[in-house]
Amino acid sequence: MREHIKTNINHLRSLAQAAFDKRGTAGELIFLAATKSVPPEDINFAASCGITHIGENRVQELSAKLPYLYPNLKIHFIGKLQTNKVKYIIDKVCLIHSVDNIRLATEINRQAEKKNIVMDILLEVNIAEEESKSGTAPEALWELACEVASMENIRVCGLMTMGPVCHSESEYEKVFSKMYDFFLDFWEKKVHNIERGKIPAPPLLSMGMSDSFVPAINQGANIVRVGSAIFKT
């Protein structure tokens with residue numbers, strides 16, 4: 001009944017790993033299954049096929065699924081997060097991808113302090129500067145990062161972007177190449193608590209989804225968020 005999920009995972013992961021190995025990017029590739037609207041039974045089956053990281057977009061949906069998910073899954077929050085919902089996921093997820101303003105970062109830090117944990121986050125950049133997309137503008141990222149760097153209960157682990165809808169791999173690669181160049185330039189400025197030993201090596205760059213994960217990896221992504229291509233029949 002769910003064999004298509006196994007077939008899709010094997011095919012997609014092989015494509016992703018081949019692109020990652022060809023590029024020679026340091027570290028390892030995180031092949032994340034985006035599980036918005038996917039029932040727990042299908043998620044657990046995907047886990048039995050080797051998926052270890054999943055990404056949820058909605059706090060309420062994640063809360064409803066949690067009691068039924070395999071406990072060893074590493075859960076990322078990849079959607080837009082409201083400040084009043086932070087408390088419900090702060091000790092349930094391993095990484096928040098979508099931090100794009102100081103108000104949200106402050107609340108994550110406050111809730112993490114209550115739990116006596118350090119919350120790993122990615123700063124979201126609107127690299128294509130589309131009005132319909134979330135994420136901080138590239139020129140505003142430095143100021144945001146400087147403010148977040150002073151927060152003791154947050155660890156900035158890298159950057160994330162939502163690419164625009166493109167019509168070819170070459171169009172995607174152009175956008176992702178711009179993001180990768182920006183990512184390298186930002187990281188070289190060392191604003192992000194490296195001196196406190198709080199940053200992973202290599203830093204994380206989350207970009208690319210079902211229709212764009214190969215060009216994203218080609219241009220430096222080490223986290224890809226693949227959803228519909230895994231679970232479609």
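**Exercise 1. Determine what share of the contacts with a separation of 6 or more in the protein chain joins residues 24 or more positions apart.**

Solution. Taking contact to mean heavy atoms within 4.5 Å, residues 24 or more positions apart account for 61% of the contacts in the protein chain with a separation of 6 or more. The model is predicted, so that local features need pLDDT of at least 70 and side-chain atom pairs count only at pLDDT 80 or more, while totals for chains, interfaces and linings use all residues. Residues are numbered from 1 along each chain as its sequence is written, and side-chain values use heavy atoms, with hydrogens and water left out.

**Exercise 2. Decide how helix 1 and helix 2 are oriented to each other, and describe their contact.**

Solution. Begin with the axes, which are lines fitted to C-alpha atoms over the stretch in contact, with angles running from 0 to 180 degrees between N-to-C directions: those of helix 1 (residues 3-23) and helix 2 (residues 40-48) come within 10 Å and cross at roughly 45 degrees. Angles under 35 degrees count as roughly parallel, over 145 as roughly antiparallel, 65 to 115 as roughly perpendicular and the rest as oblique, and the two helices are therefore oblique to each other. Next, list the residues: Glu3, Ile5, Lys6 and Ile9 of helix 1 meet Asp42, Phe45 and Ala46 of helix 2.

Terms used:
Helices (H or I, at least four residues) and strands (E, at least two) are DSSP runs, numbered from the N terminus.
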